[in-house]
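Me: I am new to this structure and would be grateful for an explanation of the terms used to describe it. Please set each value against its definition.

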Amino acid sequence: MRTVIAGGHGQIALRLERLLAARGDEVAGIIRKAGQADDLRAAGAEPVVLDLESASVDEVAERLRGADAAVFAAGAGPGSGAARKDTVDKAAAVLFADAAVEAGVRRFVIVSSMGADPRHEGDEIFDVYLRAKGEADAYVSGLDALDWTILRPGQLTDDAGTGLVRLEAHTGRGPIPRDDVAAVLAELVDTPATAGLTLELISGPAPVSVAVKSVAGN
């Protein structure tokens, strides 16, 4: 299986790349800076240098051709201003989804945020972020050509993963180690029966594989 990850140098993406590569999958990560390439290679991923804020749909689609799945894990980051919430968290996600459609990649997983809502009100940076994420989710969920799953993790931590999660349509707020988010993503990529679902994720009682099978109806 070949998976292409947008935001390939992100903290969750690097973890996901290691997991996919370790199970024998082929994985590529889209990065903005060539200097990040060695980190991806160390994780077992093929680095693809491409700026999603300036690339065209055709350029991104060319990198996606032949993939079995696409994962959008890019983000402007906590230090960015409101403008980049729009150009990365929203516009780059829309671009990546359009490119997946053009390339014929049906399986599409997007890493969103708990509380994401296109109608979220407020002018603070975090308000803009939640609105941008919500608008991206709404766009992706409207594309019939994609078998999409939207994952909305709770408060991200760098604690060691436990492999135990709560994955449901509505979990309520709570923390979740990035290790466990990556583990859930690895399962979701491989579980197209979760297509059409928007899922919240926090730490909980269920092993990752059990939690994913449960929401998939298995």
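Reply: Helix α1 (residues 11–22) packs against α6 at an angle of about 50°, and their axes are 8 Å apart. This is a predicted model, in which local features need pLDDT of at least 70 and side-chain atom pairs count only at pLDDT 80 or more, while totals for chains, interfaces and linings use all residues. Residues are numbered from 1 along each chain as its sequence is written, and side-chain values use heavy atoms, with hydrogens and water left out.

Me: Why are α1 and α6 called oblique to each other?

Reply: Angles under 35 degrees count as roughly parallel, over 145 as roughly antiparallel, 65 to 115 as roughly perpendicular and the rest as oblique. The angle for α1 and α6 is about 50°, and α1 and α6 are therefore oblique.

Me: Which residues of α1 and α6 meet?

Reply: Gln11, Ile12, Arg15, Leu16, Leu19 and Leu20 of α1 meet Arg178, Asp179, Val181, Ala182, Ala183, Leu185 and Ala186 of α6; contact means heavy atoms within 4.5 Å. By class, this contact of α1 with α6 has 9 nonpolar, 1 polar and 3 charged residues.

Me: What makes α6 and α7 oblique to each other?

Reply: Helix α6 (residues 178–189) and helix α7 (residues 208–216) pack at about 45°, with axes 9 Å apart. By the cut-offs already given, α6 and α7 are therefore oblique to each other. On the α6 side the contact is made by Ala183, Val184, Glu187 and Leu188, and on the α7 side by Val208, Ser209 and Val212.

Me: Why does Thr194 count as buried?

Reply: Buried means under 20% relative accessible area, exposed over 50%, and partly exposed in between (1.4 Å probe, protein chains only). Thr194 has 0% relative accessibility and therefore counts as buried. Thr194 lies in the loop between α6 and β10 (197–203). Leaving aside neighbours within four places in sequence, Thr194 is in contact with residues including Arg107, Trp148, Leu188 and Val212.

Me: How do you know that Arg152 counts as buried?

Reply: The relative accessibility of Arg152 is 16%, so Arg152 counts as buried. Arg152 lies in strand β6 (residues 147–153).

Me: What makes the pair of Arg152 and Asp137 a polar contact?

Reply: A polar contact is a pair of N or O atoms within 3.5 Å; within protein, one must be able to donate a hydrogen and the other to accept it, and residues adjacent in sequence count only if both atoms are side-chain atoms. The side chains of Arg152 and Asp137 make such a contact at 2.9 Å.

Terms used. Axes are lines fitted to C-alpha atoms, for helices over the stretch in contact, and angles run from 0 to 180 degrees between N-to-C directions. Helices (H or I, at least four residues) and strands (E, at least two) are DSSP runs, numbered from the N terminus. Ala, Val, Leu, Ile, Met, Phe, Trp, Tyr, Cys and Pro count as nonpolar, Asp, Glu, Lys and Arg as charged, and the others, Gly among them, as polar.
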